[in-house]
Amino acid sequence: MGLKISAALSIMLLLSGVGFKLYYDKSQAQIENLTTQLATAVDNQKILESEIADQNETIKNQLAQTEAMMAEVQALQTANQQAAAEASELRSKFARHDLNMLSLRKPALIEKIINKGTKEVFDELTAITTHN
């Protein structure tokens, strides 16, 4: 009877040892898998942070360009308003004066005014096209 108990205990010890070995191997495989996943997650985190920094820099650049364009649009709108006011003023002057009748009555005066205006335009054109 003592031999049977000894044999049964030996078999149970052997089965326990095999079971522990299987459990240990499975646990080690899980640890290695989790370690690999953690390393991948850390690498992905670094890549993500780098991409976010790049995108933030791109956004800053886009905002700066947008602000510059808005300032340029504002300057163009101001220039457009000034040009419209000047055109309105000229239309008003032309509406008040009958240039055909005035040129027939006082041709020398009209010629002098036209020549003076032409010279001013020519001087402005020369000034903006000449490299100084």
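The model is predicted. The protein chain has three helices and zero strands.

**Fold and dimensions**
- Along the sequence, the elements of the protein chain run α-α-α.
- Helix α1 covers residues 2–96.
- The C-alpha trace spans about 150 × 35 × 15 Å along the principal axes of the protein chain.

**Surface and burial**
- Of the 132 residues in the protein chain, 2% count as buried.
- The protein chain has an accessible surface of about 12300 Å².
- Carbon and sulfur atoms account for 64% of that surface.

**Charge**
- The protein chain carries 13 positive and 16 negative side chains.
- The centres of these two sets lie 6 Å apart.

**Aromatic pair**
- The structure holds one aromatic pair.
- The ring centres of F20 and Y24 are 6.2 Å apart and their planes meet at 25°, so the pair is stacked; planes under 30 degrees apart count as stacked.
- F20 and Y24 sit four residues apart in helix α1, so about one helical turn separates them.
- F20 counts as exposed because its relative accessibility is 55%, and the cut-off for exposed is over 50%.
- Y24 has 41% relative accessibility, so Y24 counts as partly exposed.

Note on methods:
Residues numbered from 1 in each chain as written. Predicted model: local features only at pLDDT ≥ 70, side-chain atom pairs only at ≥ 80, totals over all residues. Heavy atoms only, no water. Helix = DSSP H or I, 4+ residues; strand = E, 2+ residues; numbered from the N terminus. Buried < 20%, exposed > 50% of the residue type's maximum accessible area, 1.4 Å probe, protein only. Areas by Shrake-Rupley, 256 points an atom, 1.4 Å probe, with all protein chains shown as cover. Lys, Arg positive; Asp, Glu negative; His and termini not counted. Charge placed at Lys NZ, Arg CZ, Asp CG, Glu CD. Phe/Tyr/Trp six-rings, centres within 6.5 Å; stacked < 30°, edge-to-face > 60°.
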